[in-house]
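The explanation below moves from a sheet to a hairpin and then to a single residue.

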Amino acid sequence: MTINPLAKGSWHREQMLGFRKMEKVIVAMQDPDMGMKMRNQRLLITVIPHAMTGVFRLVWFLTEGLHLGAMLVRYGYIYPLKEPRSLVLQADESPYRFQTPYFWTSTRWPASELDYAIYLAKKNIRKQGELMEYEKERYNVLHKRINHTWDFVVMQAREQLRASKQRRKADRIVLECQEQAYWLVNRPPVRLLVLCYKTVLSCVIETCRRALGRNRVKSSICLEGFVKYSEQYQMHDPIMQGCLPSNPWISDDTAHWTMNAEIVPAPTRLRVERWSFSFMELLSDVMGRREFMTYLEKEFSEENLRFWEACEDIRHGESSKITEKVEEVYKNFLAPGAAHWVNIDSKTMDKTLEGIKHPHRFVMDDAQMHIYFLMKKDSYPRYIKSDLYKNMLAKAIVPQETKKRLNSHFPSPAQAVTQATKEDRRVKQAGQTGTNTAGGSHV
Amino acid sequence: MCDQTFMAATFGPCDSCGKTGPLMNIYIKNEPVNYCSFCVEVMAYRGLQKGETLETLRQESDTLKKKLEEERGKLNDVELHQVAEKIEVVGALSIKTRRVLKGHGNKVLCMDWCKDKRRLVSSSQDGKVIVWDGFTLNKENGVSLPCTWVMACAYAPSGCAVALGDGLDNKCSVIPLSLDKNENLATKKKSVAMHTNYVSGCTFTSSDMQILTSSGDGSCALWDVESGQLLQSFHGHTADVLSLDLSPSETGNTFVSGGCDKKSCVWDMRSGQNIQTFENHESDINCVKYYPSGDAFASASDDATCRLYDLRADREVAIYQKDSIIFGASSVDFSLSGRLLFAGYNDYSINVWDVLKVTRVSILFGHENRISRVCVSPDGTALCSASWDHTLRIWA
């Protein structure tokens, strides 16, 4: 059960369209004049009314496509009467029947857990524990999860069984098949939380309580943050400022990408500048990270970065290799007397060593965070002030702006970069607002 | 005419509360009645719990929500456009279509850029998935998955695989890409995620080894690609989840999702907990995207607005709307500096907003049907838009 079954999005409406089309076909198939011939079918000793057999069905479908037939069975609009009852269209004489509208996927959507619990309870009572494996699994899970309503569930199951006993055998078999087909199509997964109102409301209450305890930051500080970020990165935003030597998409010249490839002999100035924006920028650039490693080697603290890289590998690598990678990391970085021993505070160290006994993907997280912030607060600022970095910046190239093929009113990027080197980050926009008629866009 | 062996009411007024809606047939004191799902649940709990009833829970939840709004408002000392007054106006932009990618036979539902800044993958309603070199317009790889609606696609960080989200099979699969154009990639498809309803969004985390999916069954989930194992599931949405985005921040452990319940939620990937929730939109949220710094995110909704939410201040800080915009927004993305917000709408246009001054800077025309997705390239040089008119356009 979802809170508001009527609050569905446009994609659900698309899906419903698909179901409705299938339903139109189903109704047409049952048309007394133009539809399929149906008659009483003998199933063992019982006679089932309004069923159809393979031959007739194929004849009808040949004009419409076997694929459509398979879809109709798969989504439960037509169900088989004979065992084994599955959602596959058999191209033989086995009898099929049209699903009653009560059990159409579209009318009953979404399938309710309470309903499913009642169905399983009924089956359990009727067949004395002859549930299928997956049904047993779900039965147990539901029994645990909605234990507080189990009396209601059993009561409903008994009522429905009592009512059905009063029907003819043929009708009983039909109802059984209908229900079974419906639940084959719509069975809920085991892990889905029981989305009943009680659970959702309790979740909302819990989330609100937690949220009330959050630390919030004043708007003025947060919003200043956005302004600063946008200003800092404005020069690096090709759509706003253009890029050097030219935007490949505009000039059809890939020089910009070649100059900014992962590893180049001489990185561009803008790229090296970005390394000073944040520690993450430095680490995410392959060349930046290499430079930083060189710097750390000079300071004899490169094991920090190596440790961080090894932890990243564990976090994002293959599951099967986690255990051996954790072993390696322990041997190289954490064991007493290790070759590249990293300096972690004792509390974190103890916690990590404890966790290593049962290695999992996130076992190194705390230690990794500790080392990350150590580098960020200590080594990184010193690197940015170091000669190594300053030389890199001085050596960095500023590509020549190539002539653009099309008219453009961008401020010349070359001019902008020159101004930036005078430590003035503010660039006066060359194009005045208002009377610009370039391109196909307008305010 | 249809099989009416058992007459049963499926839709109509509830016997208990009178509201019209889908009905369940249950028995009360041996008599069959038709109740709506809320009343069935009230029935199921009656007499089994003392003190706590659904009504009191509802009241408590409403009170807490009000209190939360008050708390959020307390630290609101200035508006975004006020802070932005001192910065310069964005100069006139000259953005034009630079490439048109034709090749799909039906609505293009999703696209994603590769980290190499020029390749992209796109998926459409006819089950076709194409990997393009956007620069040369070359179709490098194609996969045909008949009888499925590929609603979501994502490029792996390594560039060696793509993930596809299925609208009919409810699965998310990963396909390794090969250099051999003639190889039938459909055979190498590997199912990773299994939901009970359509997969609306999928993305790789920082490596090829894990994918995050969102689904019409109201949940999001984190999967291990190698084993197909479910690593974590995220429950809290009360309707279909339509979109998700991973945080670019240095700790990289959170993601945001938006759905048909008009809520956007921020989740912790490790614990599965819902960290923050925002309920400001008036209709389905079609798309959510993080601000480049990771401190905020934007959402696009069927209520024709896009909104910016600040995560540290824990509130909505800007609404991007205009009286002349009446069609829903389907997708958003930020430019590299975060100053521009590109939003694709159902009226076939893309509006470019100044994020800080909360004004519209430009409109991009060109598509002949709804925009399903807009995405800025990894180095910010171009914007790609996918549309129901069977094409993709690259703007710069």
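In chain B, β1(B) and strand β2 (residues 20-28) pair in the antiparallel sense over three bridges, where strands are DSSP runs of E of at least two residues, numbered from the N terminus, and two of them pair if DSSP finds at least two bridges between them. Within this pairing, B:Phe11 stands opposite B:Pro22 in β2(B). This is a predicted model, in which local features need pLDDT of at least 70 and side-chain atom pairs count only at pLDDT 80 or more, while totals for chains, interfaces and linings use all residues. Residues are numbered from 1 along each chain as its sequence is written, chains are lettered from A and ligands numbered from 1 in the order in which they are written, and side-chain values use heavy atoms, with hydrogens and water left out.

The open sheet has three strands in the order β1-β2-β3 of chain B, with antiparallel pairing. Its edge strands, each pairing on one side only, are β1 (11-13) and β3 (31-36) of chain B.

Elsewhere in chain B, the antiparallel strands β15 (residues 219-224) and β16 (residues 230-235) are joined by five bridges, and B:Ser219 stands opposite B:His235 in β16(B). The two form a hairpin with five residues between them, and B:Gly228 in the turn has a positive phi of about 75°.

B:Trp353 lies in strand β27 (residues 350-354) of chain B. B:Trp353 counts as buried because its relative accessibility is 1%, buried meaning under 20% relative accessible area (1.4 Å probe, protein chains only). Its side chain makes a polar contact with that of B:Tyr345 at 3.3 Å, a polar contact being a pair of N or O atoms within 3.5 Å, of which, within protein, one must be able to donate a hydrogen and the other to accept it, and residues adjacent in sequence count only if both atoms are side-chain atoms.

Conventions: Helix = DSSP H or I, 4+ residues; strand = E, 2+ residues; numbered from the N terminus. Buried < 20%, exposed > 50% of the residue type's maximum accessible area, 1.4 Å probe, protein only.
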